[in-house]
2 protein chains.
Amino acid sequence: MKKSIGAKPIVFPTPVFIIGTYDKADKPNAMAVAWGGICCSDPVCISISLREATYTYANILQRNAFTISIPSEAYIKEADYFGIASGKIEDKFSSTCLTPVKSELVDAPYVKEFPFILECALLQSVKIGLHTLFMGQVKDVKVEEDVLTKEGYPDIEKIKPIIFNPANRTYYGVGKCLGNAFSIGKK
Amino acid sequence: MKKSIGAKPIVFPTPVFIIGTYDKADKPNAMAVAWGGICCSDPVCISISLREATYTYANILQRNAFTISIPSEAYIKEADYFGIASGKIEDKFSSTCLTPVKSELVDAPYVKEFPFILECALLQSVKIGLHTLFMGQVKDVKVEEDVLTKEGYPDIEKIKPIIFNPANRTYYGVGKCLGNAFSIGKK
């Protein structure tokens with residue numbers, strides 16, 4: 001039997017994306033975002049949604065660019081801090097001792113210590129309500145060599161990305177492999 | 001050291017959303033989608049991206065509605081099949097012996113056997129490239145009672161949602177709880 005819980009912003013899973021931007025004074029900033037995902041395969045685009053009150057919101061509009069750095073479980077404290085503190089008040093890279101690296105492709109920094117990076121040029125923004133959706137075209141994906149498989153693709157089991165659970169605001173790791181897509185449902 | 005792998009549609013995690021729609025003849029259809037996520041908290045909105053070639057694409061535009069049913073690990077074969085077969089040719093509910101339930105709030109069916117359901121009214125669509133982003137306003141969330149906690153919120157550990165890994169097209173389960181968000185990064 002299903003129970004109605006009302007129109008709540010809950011789905012499973014949601015990601016932990018760390019959004020890298022520069023402010024007017026070229027200070028690098030990092031913010032945690034769980035509302036987002038891939039929105040087009042060709043051109044490769046990704047969307048993230050932000051409240052206008054965030055520091056990152058204005059930064060993206062000023063520079064027309066952002067990066068997404070995906071943290072490993074080992075950096076869960078830093079990732080969570082990026083979602084608590086505001087770049088308006090704090091220098092979040094200094095506070096965490098993480099290293100901002102200027103992208104050569106877009107006008108935004110990424111987090112050196114995180115294993116998986118997407119560099120995005122702002123394609124469009126769509127004001128919805130409390131949140132505005134920013135669509136970025138992915139210019140490149142950069143991956144730490146030690147989390148690549150022999151075949152050269154990123155290994156989720158080595159990356160150890162974090163899952164955000166919006167139902168009770170907790171974090172989870174990735175569990176066991178359950179099978180191959182476009183395959184186990186063929187019967 | 002980071003290695004460039006080009007502009008590939010890969011992030012971690014991506015979801016397994018089963019999109020429920022009706023076609024012109026009122027036949028219920030279900031399709032698996034991994035490109036999507038929450039895009040606004042107020043009003044609660046969710047985006048999914050589809051290729052125009054899919055059966056679901058036209059169904060959503062005709063009915064201005066869709067549902068998202070989140071399958072448990074136990075239904076991974078059915079979920080994968082929903083991403084392989086096309087509703088143009090097959091009656092996917094009949095093939096899987098799953099039950100379409102007509103939403104009372106929007107003109108679309110959901111999957112009775114899946115534990116977590118969102119009923120969405122189409123708010124807008126944004127043509128990007130190969131994919132078009134459909135933004136739905138969530139009218140209600142319905143959850144199986146046996147996957148709710150005592151406090152009444154959906155329990156990710158009971159729901160057991162599936163994670164899609166686009167890097168090598170595999171499925172994963174959710175792993176261990178890593179900590180509380182907006183908390184463990186406070187130091």
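Q: What makes β10(B) and β11(B) count as paired strands, and in which sense do they run?
A: In this predicted model, eleven bridges join β10(B) to β11(B), and the two run antiparallel. Pairing requires at least two bridges, so β10(B) and β11(B) are a pair.

Q: Which strand pairs with strand β7 (residues 65-70) of chain B, and over how many bridges?
A: Strand β7 of chain B pairs with strand β10 (residues 116-127) of chain B in the antiparallel sense, over six bridges. Within this pair, F66(B) stands opposite C120(B) in β10(B).

Q: How do you know that strand β1 (residues 2-4) of chain A pairs with strand β11 (residues 131-144) of chain B?
A: Three bridges join β1 of chain A to β11 of chain B, and the strands run antiparallel. At least two bridges are needed for a pair, so these two strands, one from chain A and one from chain B, meet the rule. K2(A) stands opposite E144(B) in β11(B).

Q: Why are the two copies said to be related as by a two-fold rotation axis?
A: A rotation of 180° with 0.0 Å of shift along its axis superposes chain B on chain A, with an RMSD of 0.0 Å. The copies are therefore related as by a two-fold rotation axis. The same surface serves both copies, since 100% of the contact residues of chain B recur in chain A. Of the residues of chain B, G175(B) comes closest to the axis, with its C-alpha at 1.8 Å.

Q: How many residues of chain B are in contact with chain A, and what does being in contact mean here?
A: Contact means that the C-beta atoms of two residues lie within 7 Å. By that rule, 85 residues of chain B are in contact with 86 residues of chain A. Strand β13 (residues 170-180) of chain B gives the most to this side, with eleven residues. The side of chain B that touches chain A divides into 50 nonpolar, 19 polar and 16 charged residues.

Q: Why is one side of β2 (14-15) of chain A, and of β2 (14-15) of chain B, left without a neighbour in the sheet?
A: Six strands form an open sheet in the order β2(A)-β12(A)-β13(A)-β13(B)-β12(B)-β2(B), with antiparallel pairing. The β2 strands of chain A and chain B stand at the edges, each with a single partner strand, so one side of each has no neighbour in the sheet. Inside this sheet, strand β12 (residues 163-165) of chain A and β13(A) pair over three bridges, and N165(A) stands opposite T170(A) in β13(A).

Q: Which residues of helix α2 (residues 76-84) of chain B are called buried, and what covers them?
A: A buried residue has 20 or more other C-beta atoms within 10 Å of its own. In α2 of chain B, the buried residues are I76(B), E78(B), A79(B), D80(B), Y81(B) and F82(B). Their cover includes β13 (170-180) of chain A, together with β3, β4, α3 and β13 of chain B.

Q: Which residues touch the most other members of the largest nonpolar core?
A: They are I18(A), I46(A), I18(B) and I46(B), in a core of 124 residues. Among the residues that I18(B) touches are A79(B), F82(B) and F114(B).

Note on methods:
Residues are numbered from 1 along each chain as its sequence is written. Chains are lettered from A and ligands numbered from 1 in the order in which they are written. This is a predicted model: local features need pLDDT of at least 70, side-chain atom pairs count only at pLDDT 80 or more; totals for chains, interfaces and linings use all residues. Helices (H or I, at least four residues) and strands (E, at least two) are DSSP runs, numbered from the N terminus. Ala, Val, Leu, Ile, Met, Phe, Trp, Tyr, Cys and Pro count as nonpolar, Asp, Glu, Lys and Arg as charged, and the others, Gly among them, as polar. Copies are superposed by least squares on the C-alpha atoms of residues with pLDDT of at least 70 in both. A residue is buried if 20 or more other C-beta atoms lie within 10 Å of its own, exposed if 12 or fewer, and partly exposed in between; C-beta atoms are placed from the backbone. A nonpolar core is a set of buried Ala, Val, Leu, Ile, Met, Phe, Trp, Tyr and Cys residues joined through C-beta atoms within 7 Å. Lists of a residue's contacts leave out its neighbours within four places in sequence.
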